[in-house]
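Please look over the sequence and the model shown below before reading on. The paragraphs that follow go through the structure region by region.

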Amino acid sequence: MAATDQAATGTPAAQDSAVAQTTPTDSAAAPAEQAVAQQPAPATSKAEQVAQVVNTEFPSYDKDANGDLSETEFASWMVALKTASDPATKSDSAEVKKWIGQAFATADADKSKSVSKTELTGFLSQG
């Protein structure tokens, strides 16, 4: 098989030659990419993982225990998620409030002015 055929089929020979041709900055990332590629596939999909988290955490944010999140309850959860990824998040900033409003409008798929577990799971599973 020719080298171009190997590259098209993604055989190990093509992968080896691609690694050999990487630039110094790419070669630093290559071992990490290979390590990730060698890890076993997760037992659950992203949507299943999100559903597990939503089922576990939903009651702690559903303060009135009605089975849906109001915009205030939803905002509390979104601020917690955003703060976890960016500790400098200011929940009272205009930017964060705008982001929460847009997120709530997107998550509230049925436009009921509240977000159900199903809606939240779908929203968080995007992207």
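Which residues does Val 115 touch, not counting those up to four places away in sequence? They are Phe 58, Asp 68, Leu 69, Phe 74, Phe 104, Ala 107, Asp 108 and Leu 120, where a contact means heavy atoms within 4.5 Å.

Some ground rules come next. This is a predicted model, in which local features need pLDDT of at least 70 and side-chain atom pairs count only at pLDDT 80 or more, while totals for chains, interfaces and linings use all residues. Residues are numbered from 1 along each chain as its sequence is written, and side-chain values use heavy atoms, with hydrogens and water left out. The predictor's confidence in each residue, pLDDT, runs from 0 to 100. Its mean over the protein is 78, and 65% of the residues reach 70 or more. Over residues 1-37 the pLDDT is below 50, and this stretch has nine contacts in the model beyond near neighbours in sequence.

The protein has seven helices and two strands. Helices (H or I, at least four residues) and strands (E, at least two) are DSSP runs, numbered from the N terminus. Along the sequence they follow the pattern α-α-α-α-β-α-α-β-α. Among contacts between residues at least 6 apart in sequence, 47% join residues at least 24 apart.

Of the 127 residues, 22% count as buried; buried means under 20% relative accessible area, exposed over 50%, and partly exposed in between, with a 1.4 Å probe and protein chains only. The protein exposes about 8,600 Å², and carbon and sulfur atoms supply 57% of that area. Accessible areas come from the Shrake-Rupley method with a 1.4 Å probe, and for residues only the protein chains shown count as cover.

Val 115 belongs to the largest nonpolar core, which holds 18 residues. A nonpolar core is a set of buried Ala, Val, Leu, Ile, Met, Phe, Trp, Tyr and Cys residues joined through side-chain atoms within 4.5 Å. The members that touch the most other members are Leu 69, Phe 74, Trp 77, Met 78, Ile 100, Val 115 and Leu 120. Helix H4 (46-61), H5, H6 and helix H7 (117-125) each supply at least two residues of this core. In H7, the buried residues are Glu 119, Leu 120, Thr 121 and Phe 123. They pack against H4, strand S1 (68-69), H5, H6 and strand S2 (115-116).

Aromatic rings are the next topic. Rings of Phe, Tyr and Trp (its six-membered ring) pair if their centres lie within 6.5 Å; planes under 30 degrees apart count as stacked, over 60 as edge-to-face and the rest as tilted. By this rule there are four aromatic pairs. The rings of Tyr 61 and Trp 77 have their centres 4.7 Å apart and their planes at 10°, so this pair is stacked. It links distant parts of the chain, with Tyr 61 in helix H4 and Trp 77 in helix H5, 16 residues apart. Tyr 61 is buried, with a relative accessible area of 17%, and Trp 77 is buried at 3%. Ring pairs join Phe 58, Tyr 61 and Trp 77 into a cluster.

Now to the loop between H5 and H6, where Thr 89 has its place. Thr 89 counts as buried because its relative accessibility is 14%. A polar atom of the Thr 89 side chain lies 2.7 Å from the backbone oxygen of Asp 86, and the backbone oxygen of Lys 82 lies 3.5 Å from a polar atom of that side chain. Not counting residues up to four places away in sequence, Thr 89 touches Lys 82, Thr 83 and Val 96.

Ser 91 is found in the loop between helix H5 (71-85) and helix H6 (94-107). Ser 91 counts as partly exposed because its relative accessibility is 42%. Leaving aside neighbours within four places in sequence, Ser 91 is in contact with Val 79, Val 96 and Lys 97. The C-alpha atoms of Ser 91 and Ala 75 are separated by 8.9 Å, with the two residues 16 apart along the chain.

The loop between H6 and S2 contains Lys 111 and Lys 113. Most residues other than glycine have a negative phi. Lys 111, however, has a positive phi of about 55°, and phi of Lys 113 is near 70°. Lys 111 counts as exposed at 55% relative accessibility, and Lys 113 counts as exposed at 69%.

Note on methods:
A polar contact is a pair of N or O atoms within 3.5 Å; within protein, one must be able to donate a hydrogen and the other to accept it, and residues adjacent in sequence count only if both atoms are side-chain atoms.
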